[in-house]
Amino acid sequence: MAIRKPNKLAQAKVLRQILKRCSSLGKNNNNNNSDHDDVPKGHFAVYVGEKRSRYIVPISFLTHPEFQFLLRRAEEEFGFDHDMGLTIPCEEVVFRALTSMLR
């Protein structure tokens, strides 16, 4: 089995889609009760696990290959064109372990 080398152009396209999606999540659409008011600049919200727990992560995570792997899985499973927010298909314990290593 050959190891597939990631295509830089494909990765850049996916990252642009993610950033576009994430930047739109933080906007307050003239709704004072927005769930996204607590996302600080330079961060974005993701939903993880069966219960779709919400986590706030720094945008710098997008450059890490391990996090990019999770994003590719999210794209394959959910796509990026939906209203649910960015959902990561992995267990919470795995996500917390990964993010603690990236910090």
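Which backbone oxygen lies 2.9 Å from a polar atom of the side chain of Q68? The backbone oxygen belongs to L62. This is a predicted model, where local features need pLDDT of at least 70 and side-chain atom pairs count only at pLDDT 80 or more, while totals for chains, interfaces and linings use all residues. Residues are numbered from 1 along each chain as its sequence is written, and side-chain values use heavy atoms, with hydrogens and water left out.

Q68 sits in helix α2, residues 65-78. Helices (H or I, at least four residues) and strands (E, at least two) are DSSP runs, numbered from the N terminus. With a relative accessible area of 11%, Q68 is buried; buried means under 20% relative accessible area, exposed over 50%, and partly exposed in between, with a 1.4 Å probe and protein chains only.

## The nonpolar core

Now for the packing. The largest nonpolar core has 18 residues, and V46, F67, I88 and F95 are the ones that touch the most other members. A nonpolar core here is a set of buried Ala, Val, Leu, Ile, Met, Phe, Trp, Tyr and Cys residues joined through side-chain atoms within 4.5 Å. Elements giving two or more residues to this core are β1, β2, α2, β3 (86-88) and α3, and the largest share, 4 residues, comes from α2. In soluble globular proteins, nonpolar side chains tend to be buried together.

F67 is buried, at 0% relative accessible area. Setting aside neighbours within four places in sequence, F67 is in contact with F44, V57, F61, L62, F95, L98 and L102, a contact being heavy atoms within 4.5 Å. L62 turns up again here: this residue touches F67 and also supplies the backbone oxygen by the side chain of Q68.

## One side of α3

Helix α3 puts F95, L98, T99 and L102 among its buried residues. They cover an arc of only 95° around the axis, so they lie on the same side of α3; the arc is that of the directions from the helix axis to the C-beta atoms. What do the buried residues of α3 pack against? They pack against β1, β2, α2 and β3.

## Aromatic rings

The structure holds 4 aromatic pairs. Rings of Phe, Tyr and Trp (its six-membered ring) pair if their centres lie within 6.5 Å, and planes under 30 degrees apart count as stacked, over 60 as edge-to-face and the rest as tilted. One of the pairs is Y55 with F95, tilted, at 5.2 Å centre to centre and 55° between the planes. That pair links distant parts of the chain, with Y55 in strand β2 and F95 in helix α3, 40 residues apart.

F95 is buried, with a relative accessible area of 0%. F95 also forms a tilted pair with F67, at 6.3 Å centre to centre and 55° between the planes. Since F67 lies in helix α2 and F95 in helix α3, this pair ties together parts that are 28 residues apart in sequence. Ring pairs link F44, Y55, F61, F67 and F95 into a cluster.

## Y55 and E92

Y55 counts as buried at 18% relative accessibility. Not counting residues up to four places away in sequence, Y55 touches F44, A45, V46, V48, E92, F95 and R96. Of these, E92 also meets Y55 through a polar contact of 2.6 Å between the side chains. A polar contact is a pair of N or O atoms within 3.5 Å; within protein, one must be able to donate a hydrogen and the other to accept it, and residues adjacent in sequence count only if both atoms are side-chain atoms. Y55 and E92 are 37 residues apart in sequence, and 9.8 Å apart C-alpha to C-alpha.

## Salt bridges

A salt bridge is a side-chain nitrogen of Lys or Arg within 4 Å of a carboxyl oxygen of Asp or Glu, and by this rule there are 2. E92 and R96 make one of them, at 3.5 Å, N to O. These two are 4 residues apart in helix α3 (residues 92-102), so about one helical turn separates them. R96 is partly exposed, at 42% relative accessibility.

R54 forms a salt bridge with D38, with the closest N and O atoms 3.2 Å apart. This pair links distant parts of the chain: R54 is in strand β2 (residues 53-58) and D38 in the loop between α1 (8-25) and β1 (43-48), 16 residues apart. R54 is partly exposed at 29% relative accessibility, and D38 is partly exposed at 47%.
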